[in-house]
Structure formats: C-alpha cells, structure tokens
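Hello,

Here is the structure I promised to pass on to you. Have a look at it first, and my notes follow below.

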Amino acid sequence: MFHKVEEVLSDDFIGKEVSLRGWIYRKRRMGKIIFVVLRDSSDIIQCVVEKKKIGSEKFKELDKVGVESSIILSGSVRKEARAPTGYEIDVNTIDIIGPSYMFPITKDKSDDFLLDNRHLWLRSREMNAILKIRHTVFGAIHDYFRETGYYEVQGPIFVTGAVEGGSTLFEVPYFGRKAYLTQSAQFYLETFIFSLEKVYTIAPSFRAEKSRTRRHLTEYWHAEAEAAWYHNDDMMKDEEELIVQIIQRVLDERRRELEFLNRDIKILENIEKPFIRMKYGELIEFAQNEGIDIEYGDDLGADEETAITVKFDKPIFVTHYPASIKPFYHRPDPENPEVVLCHDMLAPEGYGEIIGGGERIYKLDVLIQRMEEEGLNPENYYWYVDLRKYGSVPHAGFGLGVDRLVWWLAGLSHIKYAIPYPRTIRRTKP
Ligand code: 4AD
Ligand code: MG
C-alpha cells in the first residue's frame with residue numbers, strides 16, 4: 001500500500017515503514033549518501049538514500065538521473081527538523097520508474113519560458129497550490145447552486161449572435177456560414193428558466209479582447225446563473241452568499257496553499273455580508289474625490305477599477321449604471337430609465353470586476369425598442385424575443401469570472417497564473 005506524502009508528515013508515522021511514489025523534486029549527493037526530496041500531489045519529503053543500503057548499482061543509477069524522474073521508494077519515517085517539511089525517510093528500497101534528464105525548467109527562468117512550458121510547470125509547487133485552490137472554488141460553486149435549488153444546464157458554444165456587444169466576438173467559419181464562440185451563456189440560460197426557474201452553468205466564454213491587462217483572457221471560465229421571479233437585489237443576495245461560501249471553503253480546505261502563495265489571509269477572513277453597495281453615480285463621485293480622472297458616463301477601465309478597489313477590503317456592488325454603457329438587455333430603472341437595474345461586483349485590493357449581472361428586460365415592447373436603439377435586428381434574436389411573448393416573467397442573472405475569482409482569492413499578480421493554460425491575445429500554446 002502506498003501512502004501520500006502529506007499523510008506520513010506526522011508523529012504517528014515515526015519509526016514506521018512506508019512506501020511512497022512520486023517525482024524527484026531536488027537531489028543532492030554527499031559522498032555515499034544521496035538526499036532526494038520526493039514530491040507527490042500532496043507535499044514534499046526529504047529521503048535519505050545510503051549506498052550501503054540500496055547497493056552500488058541502484059546508487060549509481062539514482063546518481064545519474066535528474067530532477068522530475070519518477071520513483072517508488074520505501075523506508076522508515078523519522079523526525080528531522082532540518083528537512084524541508086520536518087520529517088525524512090530513511091530509504092530501504094528505491095526504484096526509478098521513468099528517468100528524467102535535463103528537465104528544462106531550472107531556477108530563474110523567465111515568465112515567458114514558464115508559460116511556454118506550462119505543461120511541465122504545472123508540476124511546480126506554486127501551480128500545484130493554485131490548481132488546488134481552483135479545484136476548491138469550482139466545487140464550492142457547484143455545491144452552492146445545487147444546495148439552493150439551481151439546476152445545472154448547458155448552453156451551446158457555437159452561437160450566432162453577440163451577448164455583450166460585437167467588438168469582442170470571435171468569428172469562426174461554419175460550413176459556409178458564420179458562427180461565433182459564445183461570450184456568455186446568459187441568453188440560453190434565460191430560455192431554461194421557463195422550465196426550471198433557477199439554473200446555472202459553468203462553461204468557457206470567449207472574448208476577442210485586444211486589451212493587454214492583468215485581468216483579461218480570451219478564453220475564460222464563466223459561472224452563470226439565471227432565476228425567474230428574481231429582481232436585481234434578490235440576485236445580489238445570492239451572489240453575496242455564493243462568494244462568502246466560496247471564501248469559507250477555500251479558507252477551510254486551502255489555508256496551506258494560500259500560505260504557500262503568501263496570500264494575506266486576514267483580508268479573506270474578514271469578508272462578511274453584506275458587501276458594500278454603491279450606485280454608479282456615487283462610485284464616480286468617490287473616484288473623483290480620490291483624484292481619479294473619470295466622469296459620469298465613462299465606463300470603468302481596468303486602471304480605474306484598480307485605483308478604486310485598492311481603497312476597499314471587501315467586495316463592492318456597483319448598481320444603476322447608465323444604460324448607455326451597458327448591453328441592451330438590462331432592465332431600465334422604472335424610476336429613472338436613463339440607468340439600468342444591474343450590478344457589477346468589484347473585488348477589493350485592486351482586483352476589480354469579478355461579476356456582472358442584473359435584471360433583464362421582460363416586456364416585449366421595451367426589449368424591441370432597446371434593440372432598435374442599439375441597431376440590432378430582432379430577427380437575429382427571434383428566440384430571445386419569443387421568451388417575452390409567451391408568459392414572460394421578471395428575472396435576473398449574473399456571470400462570475402471564475403479565473404478572476406481565483407486570481408483574487410489566491411492574491412496573484414496576473415490572471416494568467418490563475419488558469420492552467422491561459423489564452424491571451426499573444427498566447428495559444430501549449
Ligand atoms: O460582465 P460580463 O461581460 O457579463 C456577461 O457576460 C453577462 N452576460 C453575464 C450574465 O449576466 N450571465 O462578464 C461577466 C464576468 C465579468 O464580471 C468577469 O469576471 C468575467 O466574466 N470576464 C472575464 N474574465 C476573464 N477574461 C475576460 N476577458 C473576461 N471578460 C469577462
Ligand atoms: Mg462586465
């Protein structure tokens with residue numbers, strides 16, 4: 001039976017014989033002893049290999065191979081304060097399964113080199129920690145929705161129209177016609193609510209983003225939800241609960257990984273409901289008072305969001321944006337149709353928008369009017385328009401950028417570290 005490294009890093013195992021399998025993380029020879037640091041998916045442990053114990057053949061073989069060779073070994077556990085994780089293995093047997101020579105990733109490689117070699121860099125302790133946090137975040141999103149009456153559904157990826165405006169659409173040839181990669185599952189989610197009422201999906205979305213910022217990918221993971229009978233505030237409450245539950249789960253399950261990444265955990269621990277709520281107009285005033293060059297009616301760019309959100313230590317909901325800077329589907333505020341009943345959730349600490357959502361137009365005439373104002377042909381959206389013809393209901397939804405959430409929670413400098421295979425304007429490999 002094999003143990004995981006993290007299991008044997010414990011006083012309960014002192015003096016016990018264990019078998020481990022994994023990869024050589026570090027290796028150093030001192031005369032007739034080789035120190036191997038073994039890593040598996042769970043952690044690392046130092047292993048002491050003595051020539052007299054394993055024989056000179058094996059010793060020679062081990063001496064020759066490089067880091068990242070895969071090995072199986074057995075030996076007894078002892079406490080060793082000088083070892084990197086506080087324990088070490090006194091090795092009795094060792095087998096090299098897949099040798100590795102000259103692993104390309106060595107110390108002090110450039111960021112681009114590491115990105116070109118992501119397929120190998122995934123093995124790093126940094127990526128291992130980030131991938132585990134990501135795993136926990138995805139699991140927590142599914143659990144939240146499934147425990148609160150949302151059904152999971154799937155929309156298509158090939159679509160025929162824009163959701164978030166035409167400028168970031170990826171066009172793909174489609175048997176002599178044109179198709180696009182979806183920017184958001186929202187419109188399809190709206191179709192499902194007439195059957196299931198509350199629905200969600202976690203799927204890739206695509207944006208032909210020409211901007212090179214630390215928060216834009218061309219392909220990202222989008223957790224989206226839509227609920228019948230919901231108004232803007234109802235949806236914001238669900239989002240708050242979702243984010244709080246994700247943070248709690250990450251703190252429970254991934255504290256070690258956050259510490260490894262030097263995340264300031266206190267900030268996450270202090271995040272509580274309710275989040276800050278501000279109307280767009282108030283946010284602009286706040287920004288102006290902070291000396292940020294912005295006027296009412298301007299969209300918030302990445303720089304403005306950073307400058308504003310560094311001033312906060314919990315998420316901020318920004319509501320009531322001017323209709324002119326939001327897509328056509330947002331429901332105008334009946335009290336002031338110049339603004340829409342929408343919200344963005346901005347992550348604090350300079351991270352900025354992680355959620356975009358709001359209430360949808362549910363009256364047919366209003367929708368047609370807004371489409372015409374935006375120069376859209378309702379015929380291209382016939383199925384979306386149909387929803388307003390046959391038993392329409394008030395409804396609201398949102399989209400959460402999961403990579404952005406991981407980026408913030410893990411405290412990373414750039415979103416490309418939050419996703420295993422980032423796709424950006426310059427990168428489609430590996
Ligand atoms: O604000 P967005 O564009 O809203 C929508 O797509 C809505 N249709 C969602 C809905 O209501 N169902 O995108 C939603 C979120 C953003 O807040 C952001 O977190 C993320 O998706 N996002 C990106 N993440 C990474 N790279 C990009 N280029 C992103 N564009 C949006
Ligand atoms: Mg948005």
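**What I found**

Seven nonpolar, two polar and seven charged residues make up the lining of the second largest pocket, where Ala, Val, Leu, Ile, Met, Phe, Trp, Tyr, Cys and Pro count as nonpolar, Asp, Glu, Lys and Arg as charged, and the others, Gly among them, as polar. Please keep in mind that this is a predicted model, in which local features need pLDDT of at least 70, side-chain atom pairs count only at pLDDT 80 or more, and totals for chains, interfaces and linings use all residues. Residues are numbered from 1 along each chain as its sequence is written, chains are lettered from A and ligands numbered from 1 in the order in which they are written, and side-chain values use heavy atoms, with hydrogens and water left out.

**Pockets**

A pocket here is an open set of points on a 1 Å grid over the protein atoms alone, with protein on both sides within 12 Å along at least five of seven lines; lining residues have an atom within 4 Å of a point. Grid points are joined across faces, edges and corners, and a volume is the space filled by probe spheres set on the points.

The second largest pocket has a volume of about 460 Å³. Of its 16 lining residues, Tyr-25, Arg-26, Ile-105, Thr-106 and Trp-121 lie nearest the centre. Strand S1 (17-30), helix H5 (118-121) and H6 are the elements that give two or more residues to this lining; helices (H or I, at least four residues) and strands (E, at least two) are DSSP runs, numbered from the N terminus.

The largest pocket holds about 1,100 Å³ of space. It is lined by 48 residues, and Glu-164, Arg-207, Glu-209, Lys-326 and Glu-353 are the ones nearest its centre. By class, they divide into 19 nonpolar, 15 polar and 14 charged. Strand S17 (352-359) is among the elements that supply at least two residues, and S17 gives the most, with five.

**Cavities**

A cavity is a set of grid points where a 1.4 Å probe fits but cannot get out. The whole structure has two cavities of 30 Å³ or more. The largest cavity, of about 90 Å³, has a lining that includes Phe-187, Tyr-188, Tyr-381 and Trp-383. That lining has seven nonpolar, five polar and no charged residues.

About 60 Å³ lies in the second largest cavity, with His-222 and Glu-224 among its lining residues. Strand S10 (198-206) and strand S11 (219-228) each give two or more residues to this lining, and S10 gives the most, with four.

**Cores**

A nonpolar core is a set of buried Ala, Val, Leu, Ile, Met, Phe, Trp, Tyr and Cys residues joined through side-chain atoms within 4.5 Å. Buried means under 20% relative accessible area, with a 1.4 Å probe and protein chains only. In the largest core, of 53 residues, Val-137, Ile-141, Ile-243, Ile-246, Leu-400 and Trp-408 touch the most other members. Helix H6 (residues 125-147) provides the largest share, 10 residues. A second, separate core of 25 residues includes Val-18, Ile-34, Val-49 and Ile-71.

**One residue to look at**

Is Asp-43 buried or exposed? Asp-43 counts as buried because its relative accessibility is 10%. Asp-43 sits in the loop between strand S2 (33-39) and strand S3 (44-50). Its side chain makes a polar contact of 2.8 Å with that of Arg-256, a polar contact being a pair of N or O atoms within 3.5 Å; within protein, one must be able to donate a hydrogen and the other to accept it, and residues adjacent in sequence count only if both atoms are side-chain atoms.

Best wishes

Technical notes
Buried < 20%, exposed > 50% of the residue type's maximum accessible area, 1.4 Å probe, protein only.
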